[in-house]
Amino acid sequence: MSSPVVNDFKGTGFAVTTGWATPSAISAITNANPAVVTDTAHGLADGDVVKMAGVVGMTEVNGNIYAVNVLTADTYELVGLDTTNFSVYVSGGTAAKGTFSSTCQVTNYSGDSGSTPVSTTDTNCGSVKSYGTPQHGQVTVQFLDARQDYVDAMEEARLAVAQVAHRYTLPKGRGVSIDIGTVVATQRSAAANGSWTGGATIERDMPRMDFAV
């Protein structure tokens, strides 16, 4: 009889993107699900995130953040990105690896899986229900005296209406998960003789991505 696996919250690390390394030049992106990028000697690892810029042709990827799954020393997948119906890659473009600010002083994490919209259409023989593409949901983190650069990154992203990648790492090597989306709300509060508390809510742009470590 197997024993249950318990993932303790204590010891989980949290991090949010605060910057970008020197961009590397890419030479191809496939129209596929998921998209595959050719980026010679990229030096990336599974679960790294990149920000795309300057792509000619497949301009839909420019300015967006994606998590990567490494295939070879020169190629990687953009996890969860279906470019089948995107414009065809022509030339140019760069991918910049994300740098993270981390904190351990998170008191609560919650992430719903979104919802599936339903519409009902009347036909000549009754009603038909249509289930649309599932929505990706939100992630909310609450913190207590978290590192200032972590908190600032959330607030700056909210003000700029900019994407962030938020990563959490389970203790004992049990995996890494990444949420990519837009910060839609932040909050901070404190009282006399107390500590600063606060939180942030991220609207996901795609489903949560999980990686083994």
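## Loop residues with positive phi

Val161 sits in the loop that runs between α1 (148–160) and β13. The model is a predicted one. Val161 is not a glycine, yet its phi is positive, about 50°. With a relative accessible area of 64%, Val161 is exposed, because the cut-off for that class is over 50%.

Ala41 belongs to the loop between β4 and β5. Its phi is near 50°, again a positive value in a residue other than glycine. The relative accessible area of Ala41 is 61%, so Ala41 counts as exposed. Most residues other than glycine have a negative phi, and most peptide bonds are trans.

## A cis peptide bond

The peptide bond from Asn33 to Pro34 is cis, and its omega is near 0°. Pro34 lies in the loop between β3 (28–29) and β4. Pro34 is also one of the residues touched by Leu78.

## Overall make-up

The protein chain holds one helix and 16 strands. Its C-alpha trace spans about 60 × 60 × 50 Å along the principal axes. Of its 213 residues, 35% count as buried. Among contacts with a separation of 6 or more, 69% are between residues 24 or more positions apart.

The charged side chains number 12 positive and 19 negative, with the centres of the two sets 9 Å apart.

## Nonpolar cores

The largest nonpolar core has 28 residues, of which Ile26, Ile29, Met52, Leu78 and Ile178 touch the most other members. Two or more residues each come from β4 (35–38), β5 (49–53), β6 (65–70), β7 (75–78), β14 (176–189) and β16 (209–211). The largest share, four residues, is given by β6. Leaving out residues up to four places away in sequence, Leu78 touches Pro34, Ala35, Val37, Val50, Tyr66, Ala67 and Val68. Apart from this core lies another, of 17 residues, including Val139, Phe143, Tyr150 and Ala157.

In soluble globular proteins, nonpolar side chains tend to be buried together.

## Strand β13: His166 and Gln163

His166 is part of strand β13 (residues 163–169). At 0% relative accessibility, His166 is classed as buried, since that class takes values under 20%. The side chains of His166 and Tyr150 make a polar contact of 2.9 Å. Tyr150 is also a member of the 17-residue core.

A polar atom of the Gln163 side chain lies 2.7 Å from the backbone nitrogen of Ile65. The side chain of Gln163 also makes a polar contact of 2.7 Å with the side chain of Asp205. Beyond residues up to four places away in sequence, Gln163 touches Gly63, Asn64, Ile65, Ile180, Gly181, Thr182 and Asp205.

## Strand β10: Thr123

Thr123 is in strand β10 (residues 118–123). Its relative accessibility is 35%, so Thr123 counts as partly exposed. Thr123 and Gly19 are 104 residues apart along the chain, and their C-alpha atoms are separated by 53 Å.

Key
Residues numbered from 1 in each chain as written. Predicted model: local features only at pLDDT ≥ 70, side-chain atom pairs only at ≥ 80, totals over all residues. Heavy atoms only, no water. Core = buried A, V, L, I, M, F, W, Y, C linked by side-chain atoms within 4.5 Å. Buried < 20%, exposed > 50% of the residue type's maximum accessible area, 1.4 Å probe, protein only. Contact = heavy atoms within 4.5 Å. Polar contact = N/O pair within 3.5 Å; in protein donor to acceptor, adjacent residues only side chain to side chain. Lys, Arg positive; Asp, Glu negative; His and termini not counted. Charge placed at Lys NZ, Arg CZ, Asp CG, Glu CD.
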